[in-house]
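Trainee: I am new to this structure. Please show me how to read its features one at a time.

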Amino acid sequence: MAKTAVLRQESLSNVTTGKKIIELNYQEIYDHKPNIYKWVKRAFDVVAASIALIVLSPVFLLAAIAIELEDGGPVFFTQQRMGKDMKSFKIYKFRSMYKNAEAQFERMQAQNEQTGHAFKIKNDPRITHVGRFIRRYSIDELPQLLNIIKGDMSIVGPRPILTSQMEECNAYERQRTIVKPGLTCYWQVCGRAKIKWDRWVELDLQYIEDMSILKDLELILKTIPAVFGKDGAY
């Protein structure tokens, strides 16, 4: 704990025009996490994600049928997101947008309500009726359980953004990729889309400092009421 505090104090020592720059040694902070924690975290991810896939299989089926009935296939949507150590991976989601949504992405940039390198629109016209429902309850994210089993993601970790967006980030912001991205983290339980980019990055880096078995369990438990709440869910 004392070592982490020292590292954090060192990391805050270099400031330019109000922006922290890469003297923030979050890699060293992560490297000092006990190996037993990292092994337990991975084992928990695989077991919990496998059980969740079985238990939630009826939800998968209903979501697939609803998507197919409203807009036809495909049921699933894949996209390149940035993972651990700036390595890109293919993320799996239930399709929540109309089929031509990706082609409209550049045109929609002017309506972006987020700051920095993320993209969020509260009333995105590309989202289907079913899509609004499954996004509201984060059902669209459930196929990422497969990403967790594959090792691309963890249950708890910073949410992955588009590969192209992450490549535009500065060295300070890129530190959020020191750990595997996850289904949930501080961002999900603290307001989701209402949180602006700079604060989002700070929360992700805070997680790197705080990460432990107890912290992961705490965030998982807090995610349940957050999913059923309306705060920042779009």
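Mentor: Start with the elements. Helices (H or I, at least four residues) and strands (E, at least two) are DSSP runs, numbered from the N terminus. Thr 128, for instance, sits in the loop between helix 5 (105-108) and helix 6. Keep in mind that this is a predicted model: local features need pLDDT of at least 70, side-chain atom pairs count only at pLDDT 80 or more, and totals for chains, interfaces and linings use all residues. Residues are numbered from 1 along each chain as its sequence is written, and side-chain values use heavy atoms, with hydrogens and water left out.

Trainee: How many helices and strands does the protein have?

Mentor: There are 12 helices and 6 strands.

Trainee: Is Thr 128 buried or exposed?

Mentor: First the scale. Buried means under 20% relative accessible area, exposed means over 50%, and partly exposed is in between (1.4 Å probe, protein chains only). Thr 128 has a relative accessible area of 4%, so it is buried. In the protein as a whole, buried residues make up 46% of the 234 residues.

Trainee: What does Thr 128 touch?

Mentor: A contact means heavy atoms within 4.5 Å. Leaving out residues up to four places away in sequence, Thr 128 touches Glu 70, Asp 71, Ser 96, Met 97 and Tyr 98.

Trainee: Which end of helix 6 does Thr 128 cap?

Mentor: Look for a polar contact. That is a pair of N or O atoms within 3.5 Å; within protein, one must be able to donate a hydrogen and the other to accept it, and residues adjacent in sequence count only if both atoms are side-chain atoms. Thr 128 caps the N-terminal end of helix 6, with a side-chain oxygen 2.8 Å from the backbone nitrogen of Gly 131.

Trainee: Which residues of helix 6 are buried?

Mentor: An α-helix has 3.6 residues a turn, so residues three or four places apart point the same way. In helix 6 (residues 129-136), the buried residues are Val 130, Gly 131, Ile 134 and Arg 136. Their cover includes helix 4 (57-71), strand 4 and helix 12 (213-228).

Trainee: Which residues does a cis peptide bond join?

Mentor: Gly 73 and Pro 74, with omega about 0°. Pro 74 is in the loop between helix 4 and strand 3.

Trainee: In which sense do strand 3 and strand 4 pair?

Mentor: Two strands pair if DSSP finds at least two bridges between them. Strand 3 (residues 76-82) and strand 4 (residues 88-94) pair in the antiparallel sense, over 7 bridges. Their hairpin has 5 residues between the strands, and there Asp 85 takes a positive phi near 60°.

Trainee: What is the bridge partner of Phe 77 in strand 4?

Mentor: Lys 93. Phe 77 itself lies in strand 3. It counts as partly exposed because its relative accessibility is 23%.

Trainee: How many aromatic pairs are there?

Mentor: Rings of Phe, Tyr and Trp (its six-membered ring) pair if their centres lie within 6.5 Å; planes under 30 degrees apart count as stacked, over 60 as edge-to-face and the rest as tilted. The whole structure has 6 aromatic pairs. Ring pairs join Phe 60, Phe 76 and Phe 94 in a cluster.

Trainee: Which residue lies over the face of Tyr 30?

Mentor: A charge sits over a ring if NZ of Lys or CZ of Arg is within 6 Å of the ring centre and within 35 degrees of the ring normal. Lys 38 lies over the face of Tyr 30, 4.2 Å from the ring centre. Arg 136 lies over the face of Tyr 137, at 4.6 Å.
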